Amino acid sequence: MKRALPSALSALPAALPAWAITAAALTVLVIVNGLLQPGFFDGTVLQSNLTTFLPLVLVAIGQTYVVLAGDIDLSVGAVAALVNVVTVTVIAATGDGPDAILAGLAAGLAVALACGLVNGLLIGVVGLQPMVATFGTAILFSALALRILPQAGLPVPDAYWQTYGGAVLGLPTVLLILLLAIGFVALLARRPFQTWLKAVGGNRGGAFQSGLDLRRIRLSAYLISALFAGFAALCLTGETASGDPLLGQSLGLGSVSAVALGGTLLSGGVGGAAGSILGALLLGMIGNVIFFAGLPFEYQTLVQGLIVLAALAGGVLVARRR
Amino acid sequence: MTGTPETPALPMPAPTPLGPAIEARDIVKRFGAVQALGNGRLTVGRGEIHALLGANGCGKSTLSKIIAGTHAATAGSLLIEGRPVRFATPREAEAAGIALFYQELSLIPPLSVAANIFLGREPRTRAGFIDRTRLRAETEALIALFGDTAGPGLTPDALVADLTPGQRQIVEILKVLSKSPRIVIMDEATAALDARQVAVFFDILRARRAAGVSTVFISHRLDEVFALCDRVTVMRNGETVADLCIADTDQDSVVRLMIGDVRKAGRRTRADRPAAAPLLQADRVGGGRLRDITLAVAPGEILGLGGLQGQGQSALLRGLFGADPLTAGRLRLDGQPVRIRAPADAVARGIAYVSGDRVADAVLAGRSIFENLAAAVLVRERRWRVGAGTLAPRLAGVAASLKTKYAGLDDAIGTLSGGNQQKVFIARWLATGPRLLLLDDPTKGIDLGAKADLFALIRQLADSGVAIILYSSEEAELLDQSDRILVFNGGAVVTELSGPTLDSFHLTRAAYGDAA
Ligand SMILES: Nc1ncnc2c1ncn2[C@@H]1O[C@H](COP(=O)(O)OP(=O)(O)OP(=O)(O)O)[C@@H](O)[C@H]1O
Ligand SMILES: [Mg+2]
């Protein structure tokens with residue numbers, strides 16, 4: 001095995017984690033973007049970029065926990081759309097004061113949790129295949145979103161998007177949200193729960209024999225995933241300032257790509273959400289660089305696909321050296 | 001356990017002081033159409049080490065799993081310390097003080113040793129985080145039970161995936177012990193342990209017995225059973241056929257109860273033959289932990305690899321098979337230099353490798369018995385179309401020569417008992433008609449009868465000109481089968497035993513180095 005690999009790769013330290021390639025690629029893209037886009041490192045430009053990237057970062061964090069347990073959640077995009085339309089509808093129906101906004105946020109997150117509960121029950125308790133079940137529920141959630149708000153519209157009160165685009169406690173709101181998310185990831189990584197997730201994904205039979213409650217653990221992962229899809233939806237609502245039943249359709253596969261780029265094995269058992277944050281940022285930066293390099297639109301997806309493949313292959317090579 | 005349907009596992013009434021630790025009565029277990037247990041009975045007194053014996057597929061693991069809450073019985077009743085119980089999950093059995101060593105191990109390969117041992121029972125800080133300091137310290141204290149017999153690399157932070165099969169077995173043992181159970185079931189816990197590790201393990205079990213712990217001990221090694229156990233229950237075809245006091249019986253009677261008469265093969269005596277040119281020569285090969293290994297094996301010869309577990313025997317066999325890289329030295333096959341970079345190279349040259357570590361190396365999980373049998377033949381014969389019509393009878397024939405017990409070739413491999421799975425993997429390689437057969441602790445988990453059949457077959461192969469290299473963690477097996485033994489220590493060959501030095505005394509002395 002060793003001899004077949006490029007010698008440059010063998011020279012790297014053996015303990016290199018699988019997400020190292022993603023981190024390196026991200027660094028390169030940040031530098032390239034800095035050269036291509038004047039003022040890239042200005043506060044306002046960074047904030048606007050983060051605003052663009054944040055929803056995928058959040059969804060990817062939630063997706064990580066599902067993937068760690070050996071499952072997958074393809075419904076996150078549909079959950080985001082449903083949360084978005086519920087939030088704007090509730091706000092519109094309750095007035096436009098702060099109370100209305102809070103009611104909208106609460107209703108949105110409650111709907112997200114309900115979606116997660118449906119997924120978790122179907123997969124963890126009824127025992128359906130995760131891929132098929134979440135594909136099915138995605139259609140269901142999308143249909144509900146269209147039923148509630150057939151066409152894009154229903155602007156949210158100014159206070160909503162102004163707060164989201166502004167600052168809280170002296171920090172840009174988007175940055176604060178990112179920091180809170182990172183804090184959540186760091187705390188959860190030190191709880192037994194994350195070990196249990198890896199156990200369920202690493203050897204399901206062994207996890208059961210060890211006395212773990214597989215149903216509860218898998219269900220919890222789907223709740224977290226849906227909750228983060230809900231957060232992402234609230235962010236998207238702040239960005240677009242209105243409702244859109246077709247919002248977030250790329251979030252499902254996008255988040256799975258980010259998770260894989262972040263070094264989490266799609267078969268479960270290995271990885272963590274910190275890598276997924278890097279993966280989501282990398283995906284965002286790829287879009288940015290392609291745009292500022294002036295590539296024709298038709299090539300954007302192609303180049304994006306190639307870079308994702310290259311980073312994944314690099315990660316596999318690094319992991320295989322062990 | 002329909003006999004006592006009204007009795008939940010919890011809450012429990014106060015313990016009856018007189019009841020036995022385990023009393024399983026008339027247990028029946030069906031998996032679909034397969035009846036695994038017809039009449040399982042087991043009574044284990046308190047503070048007793050009780051052997052549970054029987055041929056492969058007779059239902060020992062199934063009965064253990066019912067007691068430990070992993071399987072629900074189809075019928076029958078179970079009393080633990082005098083109280084009727086019905087466990088719905090392993091967690092409930094654990095709460096009742098029962099811990100099971102799983103024959104196929106319950107470990108999570110990508111997690112660390114410490115995380116595995118305390119999975120679901122992690123020590124926590126007041127904030128609810130994993131208390132890593134305590135987790136590590138408690139794991140270290142457990143590993144220390146095995147002292148230096150644990151071998152290099154068994155640390156709290158090591159990943160289970162990176163351990164040797166023997167070390168993984170130790171981790172599963174420690175996981176059981178860490179639960180401080182009052183009742184333990186050890187389902188072939190010694191299968192991959194060497195003599196020194198077994199000795200430590202037995203001391204632990206005896207100390208626990210002195211503290212009142214009751215143990216069920218399952219093993220195919222009768223010497224161990226007679227050295228350790230107080231009583232023995234024998235099963236046959238899903239039925240309990242005897243419950244005896246060890247002092248009142250002997251090995252032959254027990255074997256007859258288990259499987260009827262076994263032909264004892266005895267020591268291999270080699271027919272004098274003209275010294276054949278070596279088939280395989282290794283010249284100062286190294287890589288990983290291996291250093292400067294030089295050996296030659298001729299057609300018709302059985303070369304044994306001895307020494308304590310994990311001294312490089314498996315590493316050498318895996319290297320010769322191309323599964324792990326050999327980075328130094330040269331190999332010759334029929335006198336011609338060869339490089340074996342991957343198992344496919346080895347298979348193409350007629351080399352076969354039977355691993356005892358079936359979970360990691362052999363099992364195509366979730367696939368049928370037929371697919372598991374055919375895997376190597378398909379590579380060897382470069383088949384691109386599977387003619388099941390001709391292949392199936394041939395493979396079934398090889399499997400039958402080892403008395404593999406299965407319902408149908410299309411059943412999933414996971415439905416077989418541990419020993420019968422191992423027979424499938426041996427048959428997989430025998431079916432390729434190899435010229436060089438590498439056996440890496442091949443009898444792990446197979447019963448006495450099958451072992452005798454296997455070695456008769458291996459001797460036949462040797463007599464027909466196949467070269468064989470055998471590693472076994474069981475000393476007697478190695479001494480009985482080998483023409484010569486290379487003794488390993490620390491990744492190097494320290495001695496060669498043959499002729500008059502081929503005995504237990506010399507083997508033990510060489511294996512322990514100068515210390516013994
Ligand atoms: N999950 C399952 N599905 C179907 N059949 C099974 C299953 N588990 C066990 N069996 C069958 O039940 C019988 C008893 O198996 P069990 O594993 O208890 O044997 P064992 O006595 O432990 O044998 P060994 O010495 O080989 O470990 C076997 O015939 C086996 O094929
Ligand atoms: Mg068994």
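**Notes on the predicted model**

1. Five residue pairs, with both members at pLDDT 80 or more, are in polar contact between chain B and chain A. On the side of chain B that touches chain A, helix H2 (residues 90-95) of chain B gives the most, with three residues.

2. By class, the side of chain B that touches chain A consists of 15 nonpolar, four polar and nine charged residues.

3. How many residues does each chain bring to the contact? Chain B brings 28 residues and chain A brings 22 residues. The size of an interface is often given as the accessible area lost when the parts come together. For chain B and chain A the buried area is about 2,200 Å², and carbon and sulfur atoms account for 58% of it.

4. Ligand 1 has 20 residues around it. Those that come nearest are Ser61(B), Thr62(B), Thr415(B), Ser417(B) and Gly419(B). Sorted by class, the shell around ligand 1 holds twelve polar, five nonpolar and three charged residues. Two helices of chain B, H1 (60-67) and H14 (418-430), each supply at least two residues of this shell.

5. Which polar atoms of Thr415(B) and Gly59(B) lie by an oxygen atom of ligand 1, backbone or side-chain? Both are backbone atoms: that of Thr415(B) is 2.7 Å from an oxygen atom of ligand 1, and that of Gly59(B) is 2.9 Å from an oxygen atom of the ligand. Glu188(B) instead places a polar side-chain atom 3.4 Å from an oxygen atom of ligand 1. Ligand 1 taken alone exposes 640 Å², and the protein buries 88% of that area.

6. Over all chains the structure holds 26 salt bridges. One of them is between Arg218(A) and Asp71(A), whose closest N and O atoms are 3.0 Å apart. Arg218(A) belongs to helix H11 (residues 214-240) of chain A, while Asp71(A) is in the loop between helix H3 (43-68) and helix H4 (76-94) of chain A, so this pair ties together parts that are 147 residues apart in sequence.

Terms used
Residues are numbered from 1 along each chain as its sequence is written. Chains are lettered from A and ligands numbered from 1 in the order in which they are written. This is a predicted model: local features need pLDDT of at least 70, side-chain atom pairs count only at pLDDT 80 or more; totals for chains, interfaces and linings use all residues. Side-chain values use heavy atoms; hydrogens and water are left out. Contact means heavy atoms within 4.5 Å. Buried area is the accessible area (1.4 Å probe) that two parts lose on being put together, summed over both. A polar contact is a pair of N or O atoms within 3.5 Å; within protein, one must be able to donate a hydrogen and the other to accept it, and residues adjacent in sequence count only if both atoms are side-chain atoms. Helices (H or I, at least four residues) and strands (E, at least two) are DSSP runs, numbered from the N terminus. Ala, Val, Leu, Ile, Met, Phe, Trp, Tyr, Cys and Pro count as nonpolar, Asp, Glu, Lys and Arg as charged, and the others, Gly among them, as polar. A residue is near a molecule or strand if one of its heavy atoms lies within 4 Å of it. Accessible areas come from the Shrake-Rupley method with a 1.4 Å probe; for residues, only the protein chains shown count as cover. A salt bridge is a side-chain nitrogen of Lys or Arg within 4 Å of a carboxyl oxygen of Asp or Glu.
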